[in-house]
Amino acid sequence: MSAVSLGKDLIGLEHLTPEQIQLVLDTAEPFKEVSERQIKKVPTLRGKTIVNLFYEASTRTRISFEFAEKRLSADTVNIAASGSSIVKGENLVDTARNLEAMRIDMVVIRHPSSGAPGFLADRIPSNVVNGGDGKHEHPTQALLDILTIRDNLKTISGLKVCICGDVLHSRVARSNIWGLLALGAEVGVCGPKSLMPYGLEELGVRFFPRPEEAIEWADVLNILRLQLERMNAGFIPSLREYNRVFGITNARLERAPKDILVLHPGPMNRGVEIDSDVADGPHSVILDQVTNGIAVRMAVLYLLAGGKPDLAEGAKG
Ligand code: CP
C-alpha cells in the first residue's frame, strides 16, 4: 500500500511532491471508465456532503466538480456568490462556518483573491479544494492538463511544454509550471513581456518572445486566454495586434518540425490567442482535457476523503 497521501486539502501544486502528483494522476486512471458507463455512478463517497462555493464565474470547473461528486455518490450543494448572503457582506469564514454547522465534509472554492482557499483551509476542519484563486493556483486544471499530456505522449519527464499567452494573470500557468517542473518536464513561456511575471527564469522556465521560436522548441503548447477582466492597464496594443503577433494559427503550426499537442484550459477567445482551425484541428486535445477533468477531480475528492490508491479499483463498485 502506498504511504503517499494528499493530506487534508488541495490548495496548489507548488508544495506537492512528484509522488503526490503521480498519485493523483494514477488514481484518476480507473475513474475515467466510470464516466463511460451507462450508469455513471459508484458508491465511493456515499454519505459525504460537498459544497461548491464559487465566488467567480465558472463553466468547466464548477460543472466538472459537480459531475465528479455526483458520480462518486456524494451529496452536493452549489453556492454562487450572487444569490447568497455573500452579497449582503457576509465574510468567507462566517459563510464557511455556517456551512460547517450544517455538517458538511468538503468545500470546493473558487475565489477572486489569491490565498482565499488556503486561508479557509487553516480555519475549518472540512477538506478544502482550490477551484482557482485569483492569480495564484488552479491545481485541478493543471492536473487534468498534465494527465491529458501523459495520455497522448506517454510521459511528462523530458517533454518540452510551452505555456503561451497571458502568463502574468494566470493561475493555470502557475499550477502547470509547478506540476510540470516537479515531474521533470522542461517548461517555456511565450507572449508579450508585459504579460510575463518576474522571476520565471529563476525557476528554470525559458522565455520565448515569439510563437515561431516556441513552436520550433516545444512538444506541447498550452495556450492561455487574455484575462481582460484582470487587466487594469494597456498590456497589449489591441486584440487584433495580439492575434497577428502571438495568435496560434495553423500557418504557424505547419512550420513546426514535429507534431505538436495543443491544449487550452478554456474559456477560449477564438481569433485572439487561438484560431478556430487550431482549436478544432488535429493537434487539439482541448475537449479531452474537459473529459479528463472529471476523473482528476474524482481522484482528488477520493484521496482527500481518505481513499487509498490501491482501493480505487475496488471503489469503482
Ligand atoms: N478552465 C477553467 O477554469 O474554466 P472555467 O472558468 O469555466 O471553470
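How far is an oxygen atom of the ligand from an N or O atom in the side chain of T61? I looked this up first. The distance is 2.7 Å. I count a polar contact as a pair of N or O atoms within 3.5 Å.

Notes on the source. I am working with a predicted model, in which local features need pLDDT of at least 70, side-chain atom pairs count only at pLDDT 80 or more, and totals for chains, interfaces and linings use all residues. Residues are numbered from 1 along each chain as its sequence is written, and side-chain values use heavy atoms, with hydrogens and water left out.

Next, S58 and T59. An N or O atom in the S58 side chain lies 2.6 Å from a ligand oxygen. At T59 a polar backbone atom is 2.8 Å from an oxygen of the ligand. Alone, the ligand exposes 250 Å², and the protein buries 90% of that (Shrake-Rupley method, 1.4 Å probe).

Then I listed the shell. I find S58, T59, R60, T61, R110, H138, Q141, P265 and G266 around the ligand (a heavy atom within 4 Å). I sort this shell into one nonpolar, six polar and two charged residues, with Gly counted as polar and Pro as nonpolar.

Last, the domains. I have domain 1 (18-138 + 293-309) and domain 2 (139-290), with bounds from an automatic or database domain assignment. Both domains give residues to the shell, so the ligand lies between them. Their C-alpha centres are 26 Å apart. I note 29 residues of domain 1 in contact with 27 residues of domain 2 (heavy atoms within 4.5 Å).

How values were computed
A polar contact is a pair of N or O atoms within 3.5 Å; within protein, one must be able to donate a hydrogen and the other to accept it, and residues adjacent in sequence count only if both atoms are side-chain atoms.
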